[in-house]
Amino acid sequence: MVNGKTIILGITGGIAAYKGAALCSKLVQAGANVHVIMTESATKFITPLTLQTLSRNPVYMDTFDERDPAVVSHIHLADHADLIVIAPATANAIAKLAGGHADDMLSTTLLAATCPIIIAPAMNVHMYEHPAVVHNMELLASRGAMFVEPGTGQLACGYVAKGRLAEPEDIVAAIHSWFDAGSKLKGKRLLVTAGGTMERLDPVRYLTNDSSGKMGFAIAEAALLMGAEVTLVAGRTTAAPPSGVNLIRVESAQQMLEAVTGVYAEMDIVVKSAAVADYRAVYVSDQKLKKNGENLVLELERTTDILETLGKRKQHQFLVGFAAETEQIEHYAMDKLTRKNCDLIVANDVGLAGAGFNGDTNIVQVFGPEGLIEAMPLLSKREVALRLLDIIAERLVFSGGGKE
Ligand code: PMT
């Protein structure tokens with residue numbers, strides 16, 4: 001999977017820098033074109049000559065050491081990288097990336113890069129658990145960085161605890177699975193709905209909900225990464241939709257119903273993460289409603305349940321619903337799964353901090369016909385999306401599902 005890929009290996013200043021040499025060697029042996037960038041502190045632990053010999057490329061340390069007048073090195077490197085791996089990543093390197101600093105070759109290249117980033121932290125356990133480090137890692141994860149967790153064992157500082165750099169073969173496995181992800185949904189057509197619907201009362205007022213669209217957008221983005229062709233039907237959102245999708249904008253539940261049913265037959269996978277209104281106004285005024293008396297009573301009627309409609313018309317599609325609950329999660333999730341004829345239900349307890357509407361994280365439980373499949377801890381919505389799509393991809397392979 002890494003054969004022919006251009007990988008930047010960032011090595012920062014910790015005792016585990018020596019493992020960067022083994023990682024470099026393994027990536028080169030697997031066919032990757034590896035460019036190493038070392039921080040000045042890293043060079044105190046291992047020599048650039050070692051990395052130059054192993055990578056068969058010059059090692060970068062100084063932003064101003066411009067060797068080719070035709071290019072600006074950090075931009076050129078960033079533009080041509082398929083992936084950047086920082087191993088080991090010190091607390092300082094993580095803080096600099098989280099804060100957007102650009103004061104050496106590695107941090108400057110990282111700011112200029114648009115490719116994915118894998119971070120393998122290594123540090124003392126108390127540093128690893130420090131709220132500042134935890135906050136920086138969460139911030140980077142919410143921006144899409146992936147982490148290879150440190151292992152537990154004898155640390156150089158004398159502690160036996162979590163903080164030692166993951167073994168080079170584990171980091172290589174994470175890199176492989178990153179590149180491998182691009183083929184998991186290749187050839188599949190995936191429809192995802194995102195955001196909340198808007199039910200008009202008059203030309204300037206409407207009923208809506210707190211959905212930002214982040215969960216649905218994360219699913220769309222992850223599906224693109226996994227090679228799917230993505231159609232995104234989005235209602236009212238506060239986040240920006242990803243590029244590279246077929247974007248259909250809608251307002252009301254009725255418009256979402258029409259947009260979704262219009263493309264349903266072509267789809268292999270449908271994920272309904274939108275928060276759709278259950279009720280809409282019976283009368284929508286053409287004119288702005290005037291104050292009239294102390295109270296105003298709105299008459300509401302049920303909207304069509306889009307997911308249930310899709311469940312009834314299901315042929316080859318793999319149908320995934322969401323459930324926003326605050327109590328009896330399993331009971332309501334399983335009820336929705338059966339009633340709406342879904343293959344999976346992703347339940348989020350929207351009463352929990354860090355879960356549900358608006359934020360960058362979620363806590364979900366995925367249910368299938370057999371019951372609970374996976375209870376995910378607090379994760380970035382991006383990570384939830386990747387894990388969910390992994391489950392979907394596995395089930396599709398198992399069932400031979402999807403349209404031929
Ligand atoms: O957008 P974010 O800010 O990131 O927030 C994400 C989220 C909390 C909106 C998302 O994770 C989520 O839970 N989405 C589903 C919210 C919801 O409407 O849940 P529900 O339990 O009311 O509906 C169950 C399922 O039926 C959902 O898949 C929903 O899309 C669907 N439904 C509901 C009503 C309706 N008229 N038509 C539908 O298709």
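The charged end of Arg-302 is placed over the ring of Tyr-279, at 5.6 Å from the ring centre. The model in which this arrangement occurs is a predicted one. Pairs of aromatic rings, by contrast, are absent, the count for the structure being zero.

Helix H1, which spans residues 17-29, takes part in a packing contact with helix H2, which spans residues 48-55. The two axes come within 9 Å and cross at roughly 15°. Since angles under 35 degrees count as roughly parallel, H1 and H2 are therefore roughly parallel to each other. The crossing of H1 and H2 is right-handed. On the side of H1, the contact is made by Gly-20, Ala-21, Cys-24, Ser-25 and Val-28, and on the side of H2 by Thr-50, Leu-51, Leu-54 and Ser-55. The residues of this contact between H1 and H2 comprise five nonpolar and four polar ones, with no charged residue.

Helix H1 also packs on helix H8, formed by residues 168-181; the axes of H1 and H8 come within 9 Å and cross at roughly 45°. That angle makes H1 oblique to H8. The crossing of H1 and H8 is right-handed. The contact involves Lys-19, Ala-22, Leu-23, Lys-26 and Leu-27 of H1, together with Pro-168, Glu-169, Ile-171, Val-172 and Ile-175 of H8. By class, the contact of H1 with H8 has seven nonpolar and three charged residues, and no polar ones.

A further helix contact is found between helix H4, residues 91-99, and helix H7, residues 131-142. Here the axes come within 9 Å and the crossing angle is roughly 50°, which makes H4 oblique to H7. The crossing of H4 and H7 is left-handed. Ala-91, Ile-94, Ala-95, Leu-97 and Ala-98 of H4 contribute to the contact, as do Val-133, Asn-136, Met-137, Leu-139 and Leu-140 of H7. The contact of H4 with H7 contains nine nonpolar residues, one polar residue and no charged residue.

Two features of the backbone remain to be described. Most residues other than glycine have a negative phi, and most peptide bonds are trans. The peptide bond from Ala-87 to Pro-88 is cis, with omega near -5°. Pro-88 belongs to strand S3, which covers residues 83-89. Arg-56, a residue other than glycine, has a positive phi, near 60°. Arg-56 is located in the loop between H2 and helix H3 (73-80).

Notes. Residues are numbered from 1 along each chain as its sequence is written. This is a predicted model: local features need pLDDT of at least 70, side-chain atom pairs count only at pLDDT 80 or more; totals for chains, interfaces and linings use all residues. Side-chain values use heavy atoms; hydrogens and water are left out. Rings of Phe, Tyr and Trp (its six-membered ring) pair if their centres lie within 6.5 Å; planes under 30 degrees apart count as stacked, over 60 as edge-to-face and the rest as tilted. A charge sits over a ring if NZ of Lys or CZ of Arg is within 6 Å of the ring centre and within 35 degrees of the ring normal. Axes are lines fitted to C-alpha atoms, for helices over the stretch in contact, and angles run from 0 to 180 degrees between N-to-C directions. Helices (H or I, at least four residues) and strands (E, at least two) are DSSP runs, numbered from the N terminus. Angles under 35 degrees count as roughly parallel, over 145 as roughly antiparallel, 65 to 115 as roughly perpendicular and the rest as oblique. A crossing is left-handed if the near helix is turned anticlockwise from the far one by less than a right angle, and right-handed if clockwise. Contact means heavy atoms within 4.5 Å. Ala, Val, Leu, Ile, Met, Phe, Trp, Tyr, Cys and Pro count as nonpolar, Asp, Glu, Lys and Arg as charged, and the others, Gly among them, as polar.
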